Amino acid sequence: MNSKLSNIIAVDGLAATGKGTIARRLAAHLGYAYLDTGLLYRAVGLSVIVSGGDPFDPAAAIPAAQKLDPAALDALMDDPRLRSDVGGQAASKVGAIQGVRDALFQFQRNFALNPPDSKAGAVLDGRDIGTVIAPDAMVKIYVEATPEIRARRRFLELQSRGENVTESAVLEDLQTRDARDVSRSVVPAKPAEDAIHLDTTNLTIDEAVAAAIRIVEDRQKARS
C-alpha cells in the first residue's frame, strides 16, 4: 500500500445517510484533515446556476469545475447555499459529467495525499472515494440507510434552516437523485468491493460515529 494512503479513510454513501457527520467527527477524533467532497460538486453546480447555465450542460459545468480555487476552499465550504436542496440537486447533475469529475479528481487526490496543516491523515466523504479517489485507502466505509429514514433526516435539516419543504417532496427528490447517482454511466455511486457497510437506519448519530470509530480502530489493530 502507498504509504501516503495508509492513513486515508474513505467514507462513501448516498445522500442523507449520515456519512458527512460521521466522517467529520471521525476526522476530529483521529486528528485527521476532513474533506466533504460533495461540497465541491455542489459548488460547481451552484456556480453554473448563478451564471445562468444548466448543470446538465458539460459546456457550462466543466469550466466551472476547472476554475475551482483550492485557496478559497475554506470560504467556499462555509457558504450556506451549498447545503441547500438546490445545491444537492445541482451537484448530482454536474457529477454525471466525466469532465467535471476529471477536473475535481486531482483536487481530491492532492488533499488525500497531502493533508493540510500537516495532519497525520485525512478523512474524505463522497460517492467514489473508495472506488476512484483513494482505492488503496486504509479503511473504506460505506454508509447506508433506508430512503424513508434518509428523507426524514434531510427534511428536518432543511426545515431547521427555514426552507419551505415537505417530507414527501424531499423523499421524491432523494429517490430521483439516487436513481441518477446509481445508474449514471460515469462513475456510478456504489460501494468498493472491500468496503465495510455501516447501516445507520436504526442508529443515533452518536451510535453511528461510535461504530465508525470501532471500524477504524479494528483495522488499525489488524495492521499493527
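Figure 1. A crossing is right-handed if the near helix is turned clockwise from the far one by less than a right angle, and left-handed if anticlockwise. Helices are DSSP runs (H or I, at least four residues), as are strands (E, at least two), numbered from the N terminus. This is a predicted model, where local features need pLDDT of at least 70 and side-chain atom pairs pLDDT 80 or more, while totals for chains, interfaces and linings use all residues. Residues are numbered from 1 along each chain as its sequence is written, and side-chain values use heavy atoms, without hydrogens or water. Look for helix 2 passing helix 3 with a right-handed crossing. Where do they touch? V44, S47 and V48 of helix 2 make the contact (heavy atoms within 4.5 Å) with A60, A61, A64 and A65 of helix 3. By class, this contact has six nonpolar, one polar and no charged residues (Ala, Val, Leu, Ile, Met, Phe, Trp, Tyr, Cys and Pro are nonpolar; Asp, Glu, Lys and Arg charged; the others, Gly among them, polar). The two axes (lines fitted to C-alpha atoms over the stretch in contact, with angles from 0 to 180 degrees between N-to-C directions) come within 9 Å and cross at roughly 125°. Helix 2 and helix 3 are therefore oblique to each other (under 35 degrees is roughly parallel, over 145 roughly antiparallel, 65 to 115 roughly perpendicular, the rest oblique).

**Figure 2. Helix 3 packs against helix 6.** Helix 3 (residues 58–66) and helix 6 (residues 98–113) pack at about 0°, with axes 8 Å apart. That makes helix 3 roughly parallel to helix 6. Here A61, I62, A65 and Q66 of helix 3 meet G99, V100, A103 and L104 of helix 6. Six of the contact residues are nonpolar, two are polar and none is charged.

**Figure 3. The largest pocket is lined by 38 residues.** A pocket is an open set of points on a 1 Å grid over the protein atoms alone, with protein on both sides within 12 Å along at least five of seven lines; a 1.4 Å probe fits in a cavity but cannot get out, and lining residues have an atom within 4 Å of a point. Nearest the pocket's centre lie A16, K19, G20, D36 and R154. Several elements give two or more residues to the lining, including helix 1 (19–30), strand 2 (33–36) and helix 10 (205–223). Helix 2 gives the most, with five. The lining divides into eleven nonpolar, eleven polar and 16 charged residues.

**Figure 4. The largest cavity has its own lining.** Look for D85, Q89, R154, V170, D173, L174 and R177 around this cavity. Helix 9 supplies the largest share, four residues. By class, the lining has two nonpolar, one polar and four charged residues.
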